[in-house]
Amino acid sequence: MSMLLIRGSFRVDGGAEPDGDTLPFIPDDVADWKLVGGRAPVVPKADGRAPVRLEGVDALETHYRKPGYGKERRQPKKFGREAADALLRHLGFTSIDRHEDETVTTVPVQVPGFILTSGADAYGRCIALAFDGSVRPPVYSGYEVAVDKDLLKRSANYRLLEDGLAYPMFYPGLPGYLRDVLREAAREASGSVPPKGLWAVDKTIAGALISDIGSITDDTTGVVILPKLFRRLKDYLDSGAAVSSLAGFSAYLAGAADEYRFLPDGKTQTGLHRLIEISEDGKILSMPRPSDQILFLDK
């Protein structure tokens, strides 16, 4: 598989709120954004920057809000912050000062690097593998390059999974042999003794006790679950004043009609309600199938 290479810089100005899987990137030649295909065009700001969403990983939410579904929420902050800081360090930022409102100040403000992308998502975010300036680009900017396993292992994407600070999350555009590399990194992190990073506390498969929105957001008592599941659950719990239990969550997920396939070659299915289980007393939510066995189609 080939991906478009774009050289440039990762930039984090004061007041920015980068999380563990998205941050701003400025190409050396802003016109390179026009080369990025996908579901929506990348529309940069006046200085050329646009958000890059890391391919193949999903870090805990540090600030999430879907319009019309309540206020902004975050998952328990410990591992979301750790993932965000680790991403910046992997890309070459040497000093990171994170503030209570999730804004950061970094030294330096801007670092060189490059991205490899197969396109943008429906929100105009460039989905990419991200590399720091110590990695030599294999081709010139604006050209396509065949991505092998060794190159993937030098990406910030791989290193976050290796750290145990993000979940593997696969969408179309990343071939199976590269998914295998990311899956292996995540499984080694989760299977280490003790488990690395968030895997020591993850409740996605084992089951999470859900009584209210605080069950997934409180910094002290909130449970850590797959961010995609958190986003859907947050929207459900914030969808109305009377919503305070899991009683209608399966129906809510069915209505959302997310599409996915089980890897390696399962048929397309509709509705995340098919992936979850809710205990008979309606209090425990789980998703028994690991995210690395699923190809989500709503990119």
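Trainee: Is Arg65 buried, partly exposed or exposed?

Mentor: Buried means under 20% relative accessible area, exposed over 50%, and partly exposed in between, with a 1.4 Å probe and protein chains only. Arg65 has a relative accessible area of 46%, so Arg65 is partly exposed. This is a predicted model, in which local features need pLDDT of at least 70 and side-chain atom pairs count only at pLDDT 80 or more, while totals for chains, interfaces and linings use all residues. Residues are numbered from 1 along each chain as its sequence is written, and side-chain values use heavy atoms, with hydrogens and water left out.

Trainee: Where does Arg65 lie, and which residues does Arg65 contact?

Mentor: Helices (H or I, at least four residues) and strands (E, at least two) are DSSP runs, numbered from the N terminus. Arg65 is placed in the loop between strand 4 (57–58) and helix 1 (77–90). Contact means heavy atoms within 4.5 Å. Apart from neighbours within four places in sequence, Arg65 is in contact with Gly70, Lys71, Glu72 and Lys234. Lys234 is 169 residues from Arg65 in sequence, yet their C-alpha atoms are 8.7 Å apart in space.

Trainee: What does the side chain of Arg65 reach at 2.8 Å?

Mentor: A polar contact is a pair of N or O atoms within 3.5 Å; within protein, one must be able to donate a hydrogen and the other to accept it, and residues adjacent in sequence count only if both atoms are side-chain atoms. The side chain of Arg65 reaches the backbone oxygen of Gly70.

Trainee: Is Arg49 buried or exposed?

Mentor: Arg49 is buried, with a relative accessible area of 14%. Arg49 lies in the loop between strand 2 and strand 3 (50–54). Its side chain makes polar contacts with the side chains of Asp13, at 2.5 Å, and of Asp47, at 2.7 Å. Not counting residues up to four places away in sequence, Arg49 touches Arg11, Asp13, Pro24, Phe25, Ile26 and Pro44.

Trainee: Why is strand 1 largely enclosed by the rest of the structure?

Mentor: Strand 1 (residues 2–11) is largely enclosed because 7 of its 10 residues are buried.

Trainee: In which sense do strand 1 and strand 7 pair?

Mentor: Two strands pair if DSSP finds at least two bridges between them. Strand 1 and strand 7 (residues 110–120) are joined by 8 bridges in the antiparallel sense. Antiparallel pairing over 3 bridges also links strand 1 with strand 9 (residues 144–146), and strand 1 with strand 2 (residues 22–27), again over 3 bridges. Leu4 stands opposite Thr117 in strand 7 and opposite Glu144 in strand 9, while Ser9 has Ile26 of strand 2 as its bridge partner.

Trainee: How do helix 3 and helix 4 pack?

Mentor: Axes are lines fitted to C-alpha atoms, for helices over the stretch in contact, and angles run from 0 to 180 degrees between N-to-C directions. Helix 3 (residues 156–163) and helix 4 (residues 176–191) pack at about 25°, with axes 7 Å apart. Angles under 35 degrees count as roughly parallel, over 145 as roughly antiparallel, 65 to 115 as roughly perpendicular and the rest as oblique. Helix 3 and helix 4 are therefore roughly parallel to each other. The contact involves Tyr158, Leu161 and Glu162 of helix 3, with Val181, Leu182, Ala185, Ala186 and Ala189 of helix 4.
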